[in-house]
Amino acid sequence: MTIEIRQLRMICAIAEAGSITRAAARMELTQPALSNQLHAIERMLGDALFVRSRTGVVPTEFGRRTLDRARIVLSEVDSLFGGAGSPQASTEPLRLGCAHIACISSIVDRVQAAPLGRSVMLHVESSAAVLADSLASGRYDVALLGIMAGFDVPLERPVTSRVLVPRYPCFVALAADHRLAGREQVRLGDLRDEAWIGPPGADDGSLAALRAACLEAGFEPLIRFEAPSGGGRELVANGHGIRLVEPTFAVPPGTVALPLEGDPLMARLAVAWRPDRITREQADLLYREIARAYLLHVADNPLFHQWWQAHPEVHPVL
């Protein structure tokens with residue numbers, strides 16, 4: 001028996017909703033119907049995809065690997081059939097919205113060097129929800145979105161997308177003289193008494209994801225600071241607070257960026273674009289150049305590089 005595209009969408013919906021009941025409502029199915037479908041898919045694949053948790057369901061290790069590949073397959077299908085617009089040739093600057101990520105400068109370098117015949121105008125925005133809305137409204141032609149696992153960011157037509165990295169862990173930034181700074185990884189529960197710098201883009205689930213993960217670890221995070229990335233670096237380096245960071249984060253002096261044990265906070269990267277603004281060939285070219293820019297920074301944090309090498313299933317499809 002061969003798994004179907006609709007079944008891949010079902011398991012991805014369950015993973016994103018964190019609950020069979022919520023996923024069923026999203027897919028306009030009854031909860032028993034989706035449960036039966038999930039059991040049938042698991043029998044077909046020969047292993048469990050999810051286990052129950054205090055807050056719903058979470059993927060098993062086999063489930064995570066399956067979801068990584070499913071998201072790539074679905075993004076390829078959606079980008080192939082999601083839009084067949086024929087945009088007019090343009091020499092106007094390419095308007096690129098981008099998540100706050102370490103490879104921003106490399107993205108600009110590679111995209112500007114690509115044979116698009118267009119310069120690049122870049123806007124960095126921490127909120128994936130704002131990026132998605134701005135893309136839908138026409139403010140951007142292309143966007144690189146960072147999306148927290150368990151939280152959807154709807155993309156309105158005609159916007160289409162491809163997954164760049166289906167899953168990567170969030171790291172935690174600590175002062176270099178922090179009591180835990182010498183470890184190779186940190187248990188989230190060991191941070192229960194820390195002051196946190198609130199993650200940016202709370203409207204797209206980053207703050208909710210942090211709170212949910214901390215509650216799962218047995219505590220409510222103390223959010224004492226709201227600060228842009230620059231201010232956040234200073235607060236961390238001076239020992240005032242800790243914060244979540246993207247794992248290719250270039251660690252500034254006085255700071256360390258460490259993985260969280262068990263990867264309790266995950267995210268994914270996706271490239272989204274308007275097919276009425278750029279051709280499929282241009283979208284493919286941009287995807288490749290953004291992927292290559294990201295890959296240039298994977299080794300910037302040796303601990304993330306180790307994780308990356310151990311998870312080839314999340315590597316971009318070039």
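1. A quick definition to start: a residue is buried if its relative accessible area is under 20%, exposed if over 50%, and partly exposed in between (1.4 Å probe, protein chains only). By that rule, F171 and F304 are both buried, and F304 has a relative accessible area of 0%.

2. Keep in mind that this is a predicted model, where local features need pLDDT of at least 70, side-chain atom pairs count only at pLDDT 80 or more, and totals for chains, interfaces and linings use all residues. Residues are numbered from 1 along each chain as its sequence is written, and side-chain values use heavy atoms, with hydrogens and water left out.

3. How many aromatic pairs does a search of the whole structure find? There are four. Rings of Phe, Tyr and Trp (its six-membered ring) pair if their centres lie within 6.5 Å; planes under 30 degrees apart are stacked, over 60 edge-to-face, and the rest tilted.

4. One of these is F171 with F304, which is edge-to-face, at 6.2 Å centre to centre and 85 degrees between the planes. F171 sits in strand β7 (residues 171-175) and F304 in helix α10 (residues 302-309), so this pair ties together parts 133 residues apart in sequence. Helices (H or I, at least four residues) and strands (E, at least two) are DSSP runs, numbered from the N terminus.

5. F304 also pairs with W307, this time stacked: 5.9 Å centre to centre, 15 degrees between the planes. Both lie in helix α10, three residues apart, about one turn of the helix. W307 counts as buried at 11% relative accessibility.

6. Zooming out, F171, Y294, F304, W307 and W308 form one aromatic cluster.
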